Amino acid sequence: MAETARAEPGVATVIPSPEDVLGYRMGTERRLADWPEIVDYFERLAASSDRVAVEELGRTTKDEPFVVVAVSAPENLAPEARERNRSLLTRLADPRGLGDEEAEGLIAEARTAAVILATQHSNEIGAALMTLELAHDLATGNDVATRELLANTVTLLIPSGNPDGIRLIVDWYRRWLGTEYEGCAMPWLYHPYVGHDNNRDWFMLTQAETRLYAAFHNREHPQLVFDMHQMYRDGARFMVPPFIDPLDPNQDPVIQQGFAALGSEIAARLTAAGKAGVATHIIFDNYSPSLAYGNYHGSVDLLSEAASCRLATPIELEEEDLKVKEGFDPKVRSWNHPLPWKGGTWTLRDIVEYDKLAARAFLEHAAKYRERWLRDYLGIARRTVERPDPPFAFVFPTEQRDPGTTAELLQTLARGAIEVEEATAPFTADGVTYPAGTCLVRLGQPAGNFAKTLLEVQTYPDLRRWPDGPPMPPYDIAGHTLPIQMGVRAVEVKLPFEAELRRREQIEPPVGTVRGEGTYGFALEPGRNRAALAVNRLLAAGFAVHRAQERVPGLGLPPGSALVPAAEGLLDVARALVTEVGVDLVGLDGPLAVETFEQRPVRLGLYRSWVANIDEGWLRWVLEEYETPYQTLHDADVRQGGLAARFDAILLPHQPMEEMLEGNKEKNDYKEPYPPQYVGGLGEVGMEALRGFVEAGGTLIALDAACEAVIKRFALPVRNVLEGMAETDFYCPGSLLRVVVDAAQPLGWGLPRETAVMFIKGPAFELVDADEATIVARYPTSDPNLSGWILGPRHLAGKAALLEVPLGAGRVVLAGFRPHFRAQTRGTYKILFNAIARAGLRPARLELT
């Protein structure tokens, strides 16, 4: 993490403005700065001002620099001063053993650390551009407020949480500049994999950018964070908290009051400056930890949402064009919206100005109330480490179905600054004795609130728009319990206990074992996710792989186990699989005759609509993590036909039927045209091509909403029992539900009988003809909810969640959920892998003699 050279203190230099360097004012109509230009400006600013320093924290997914810009008084930015302030804040963040007198000394000396996290979503580019002007203003200002800000606070600017996306957005915008398509949305994601979901990765931390930010936050220990976004164009001009209900009860009350204090200060500052359309307490809740990192690490992590324009192209809105959303009417004056916007021209410059006023109010509050912020930060940390209420800890028993996924869960916790410990001797907790080697997380630690919200079961409140009315939807999901999502056993321990423990600084993936000599070959069970990676590597290396149709006699191996006959080079590959992949291998050391499926490599096509689809991006990420080869299929590729000659399986990501069939319209809801080469979807021609693919022997896999188009266009003997049902009768907006799995079926190989799926307003199936499909997973007759909220669970009782429907010589796999959701639901990854592998199974018999 190298820091760029800073200007020499006391040496007079000309400090360039953004306009001096780029040639135009930030927010100028039809001008966007690209990421290299933004970084170049900050480096020039740092070279000319001793109030500014630039540091590269690492590289992004596409190898762009991920930078932080520190702005403060020169004496605060000297390297030794920066390290000293970090050490002070680190001590406040972990007050175990900290006395009151020492704490007062820390508070007196420390400077608040305030982070502005700009433009995570790259089409919300106003905040990124604003940071250039803000940094220049702070580097050159000599008024009393600026000098107080610089003296009391270290401002840390993250100009963008997604630099790769800025490159994509700027290139796209410039491509259509001066045409009728100027300012239109991109037909692909603005992050290489996760698009808008990059700020839903705050606890799983799968992406390079969120990992870099989390490491930075863990190092700096900021007291307050300002996460600056943009929203839809025809609502309020600017939104800040307080949030609407519900809030996560695992956030400290002072943090939740901080939302109101800071948000009200910012709203008042903007309104006093004549900025109309500023609203608080609308639309956005703060329940899910996927939405913010700082709120669980002592920081008040504030959100703002500015109304968007068409990137850098202005829009015109009449007052009557403003739309009511989630009960908020931007045309009406109210206590939380006292100065409505009357319509007119809305520009990127407006966004920059609103954002800059808000950022100054945020930073000046951090400086003016430096001591209060630090004292509150210490108080939050003390309440967290001294927590008196249960639970005391979560224990992860050593016996796990999938040790590799268990290690991944512990790695995820550790990346989030959660202390993971390992018992060095047996111990007893809540009356149960656990052996040495057991891992656990005690909640009396600085990140205890984060650990608790990730590990406990959520009980989401039943909130209605009015009494007995339809539910109020959560802004994100209602249940996120990580052990349930990942299929990992975690035991909540209520009462304190004593144990001999050591901190696990590094959570290493497990190394597998080999049982037997492998005289006739090797076998591996299907119960671990990484068994799919092992099979992919074996197939890629050219080895024959069989899958057991039934339990293997004499070895106790379940259906779906991979059997690999001895061949030249297999022993070396087996050793690598054990050490690198972490699977356990069983030697086939005697003659064997068993009914199998030959597992052939699968030629997989992944459908990608020109309507940018986050679910498709997550699928690519998971497939690449497990070295599953695939080829992207666009609408024209599907409509071309001849799919059976090129593919064995085609995967349809979650996507509504209308988007799949019609794609982008010639004109959007605002009557703005779209480039014709990206207009349209699969259409009837594409659906017929997919049907022909299945009838010719292909496997079509439809996930969640994509099932509707397949069921209806293929006239499958299946119906969605939830279709058309009122939300007052059934509602499940993102909860973890229990399903009962038939693990003897190829789609269920390796899964426990009771498995949790992430259900987000999805379908549930009923067969029109019971003989026309195989149900592999169904909802129980009891309440299936494991974490979250479900209204009307009786409508799911006994209904199918996963099934295989034959059609011609092929099959359709319907999954009424997303088995890979945000790379969190690793407990159902095997469903995805099994569905793909299903296309490569051919009946066979393996005889080893």
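Predicted model: local features only at pLDDT ≥ 70, side-chain atom pairs only at ≥ 80, totals over all residues.
**Tyr296 and Phe450**

Then I looked up where they sit. Tyr296 is in the loop between strand E7 (278-280) and strand E8 (300-307), while Phe450 is in helix H14 (residues 448-455). That makes it a link between distant parts of the chain, 154 residues apart.

**Other aromatics**

I ran the search over the whole structure and got 31 aromatic pairs. One of them, Phe243 with Phe259, I checked by hand: edge-to-face, 90° between the planes, centres 4.9 Å apart. Phe243 belongs to the loop between strand E6 (238-240) and helix H10 (253-272) and Phe259 to helix H10, so this pair ties together parts 16 residues apart in sequence. Phe243 comes out at a relative accessible area of 8% and counts as buried, because the limit is under 20%. Phe259 is buried as well, at 1%.

I noted one aromatic cluster too, made up of Trp172, Trp176, Tyr181, Trp188, Trp610 and Tyr678.

**Charges over rings**

Arg237 lies over the face of Trp341, 4.1 Å from the ring centre. Lys325 does likewise over Tyr232, at 4.5 Å from the ring centre.

**H7 against H11**

How do helix H7 and helix H11 pack? I get an angle of about 60° between H7 (residues 144-152) and H11 (residues 348-368), with the axes 8 Å apart. The crossing is left-handed. From H7 the contact uses Ala145, Thr146, Glu148, Leu149 and Asn152; H11 puts in Arg360, Leu363, Glu364, Ala367 and Lys368. By type I have 4 nonpolar, 2 polar and 4 charged residues in this contact.

**Leu570**

Last entry. Leu570 is in helix H17 (residues 570-581). Is Leu570 buried or exposed? Buried, with a relative accessible area of 4%. I then listed what Leu570 touches, skipping neighbours within four places in sequence: Gly521, Phe522, Leu538, Phe543, Val564 and Pro565. I also took a distance to Pro496, which is 74 residues from Leu570 along the chain: their C-alpha atoms are separated by 50 Å.

Technical notes
Residues numbered from 1 in each chain as written. Heavy atoms only, no water. Axes fitted to C-alpha atoms, helices over the stretch in contact; angles between N-to-C directions. Helix = DSSP H or I, 4+ residues; strand = E, 2+ residues; numbered from the N terminus. Left-handed = near helix turned anticlockwise from the far one by under 90°. Contact = heavy atoms within 4.5 Å. Nonpolar A, V, L, I, M, F, W, Y, C, P; charged D, E, K, R; others polar. Phe/Tyr/Trp six-rings, centres within 6.5 Å; stacked < 30°, edge-to-face > 60°. Buried < 20%, exposed > 50% of the residue type's maximum accessible area, 1.4 Å probe, protein only. Lys NZ or Arg CZ within 6 Å of the ring centre and 35° of its normal.
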